[in-house]
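Dear colleague,

Please find the structure below, handed over for your reference. My notes on what was found in it follow directly after.

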Amino acid sequence: MRKRIGKNDPCWCGSGKKYQDCHLELDEKIRNYKLRGYKIPPRKIIKNQEQIEGIRTSGKVNIAVLDYVAENIHAGMSTEEINRLVDSKTRELGGIPAPLNYEGFPKSVCTSINDVVCHGIPSEEEVLQDGDIINVDVSTIYHGYFSDSSRMFCIGNVPEENKKLVADTLESIQVGLSEVRPFNRLGNVGAAIHEFALGKGYRVVREIGGHGVGLEFHEDPFVSYVTRRDTGMLLVPGMVFTIEPMINLGTDEIFIDEENDWTVYTEDGAPSAQWEVTVAVTEDGYEILAY
Ligand SMILES: [Zn+2]
């Protein structure tokens, strides 16, 4: 059982402020939602201002690394070269690439080309071709804080249909963000993205989603993009999570590479696109911490 915090006691969030000057009001509001049957976030995923600042700073490194990739990516380069760019730039900026050795992942970045949905492993043998679309997924640890974002790159002359998939998937992020505000529900973020994607004739990957992030690489909640409206966890200020839908031109069926047990492909070989942002729920909406 948790001891009740007195209003003059220090707040549980670690801000150092008195409870009544910090999270007391929010807790009472959250409690009312809980009584009405809402799934509420556990305290450990609600960040204080200092922690948000730490994640924001980590996000600045993540953004700079992706900007560096954007300046240098080109046809004829191997995905291993992208891995070297990401690893060296992250370390130059004082960060650590979070994917490296994470649950045995062998590289510092995920590089997912065309029909690879996610978790592509960089390789010397894999060379970017004119017409490819590629997702580069960068995650940074900076002074103990985690950030995570990814972008798509179109290499040379990309077929119109695939270019549109990339652009529409980026737009879906904005559609999802429009549902991020305090006391909305997480399911509305996924529902908005799903409705948008289906309306364009695409399919959305169901098995893999986004996640809470900040103090660890992967925290609660799981962020699905095929959810129903008015379901899922209550959004409250201080929550930080990723929005990273994987949208397919063909089927939503996927399979995992049996040899490396990481790389996810579309079943039908049609292309898949993904963009990712790290977003914080604020007092009146959201703040993007990494893109
Ligand atoms: Zn507090």
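Strand β10 (residues 246-248) and β13 run antiparallel and are joined by three bridges. Strands here are DSSP runs of E with at least two residues, and helices are runs of H or I with at least four residues, both numbered from the N terminus. Two strands pair if DSSP finds at least two bridges between them. Within this pairing, methionine 246 stands opposite glutamine 274 in β13. The open sheet to which they belong has three strands in the order β6-β10-β13, with antiparallel pairing. Its edge strands are β6 (203-204) and β13, each of which pairs on one side only.

Please note that this is a predicted model, in which local features need pLDDT of at least 70 and side-chain atom pairs count only at pLDDT 80 or more, while totals for chains, interfaces and linings use all residues. Residues are numbered from 1 along each chain as its sequence is written, and side-chain values use heavy atoms, with hydrogens and water left out.

Threonine 111 has valine 136 in β4 as its bridge partner. In strand β2 (residues 110-113), Cys110 and Ser112 point one way, Thr111 and Ile113 point the other way, and all are buried. Buried means under 20% relative accessible area, exposed means over 50%, and partly exposed lies in between (1.4 Å probe, protein chains only). In a regular strand the side chains alternate between the two faces of the sheet.

Turning to salt bridges, a search of the whole structure finds 17. The term denotes a side-chain nitrogen of Lys or Arg within 4 Å of a carboxyl oxygen of Asp or Glu. One of them joins aspartate 67 to arginine 151, with the closest N and O atoms 2.9 Å apart. Because aspartate 67 lies in helix α2 (residues 49-72) and arginine 151 in strand β5 (residues 145-154), the pair ties together parts that are 84 residues apart in sequence. Aspartate 67 is partly exposed at 32% relative accessible area, whereas arginine 151 counts as buried at 10%.

Aspartate 168 and lysine 200 also form a salt bridge, their closest N and O atoms being 4.0 Å apart. Aspartate 168 lies in helix α4 (residues 160-177) and lysine 200 in the loop between α5 (186-199) and β6, so this pair ties together parts that are 32 residues apart in sequence. Aspartate 168 is buried, with a relative accessible area of 7%, while lysine 200 is partly exposed at 36%.

Patches are made of residues with over 30% relative accessible area and no salt bridge, where like charges are joined within 9 Å and nonpolar side chains (Val, Leu, Ile, Met, Phe, Trp, Tyr) within 5 Å. Accessible areas come from the Shrake-Rupley method with a 1.4 Å probe; for residues, only the protein chains shown count as cover. Tyr286, Ile288 and Tyr291 make a nonpolar surface patch of about 260 Å². Tyrosine 286 is placed in strand β15 (residues 286-290) and is partly exposed, at 32% relative accessible area.

With kind regards
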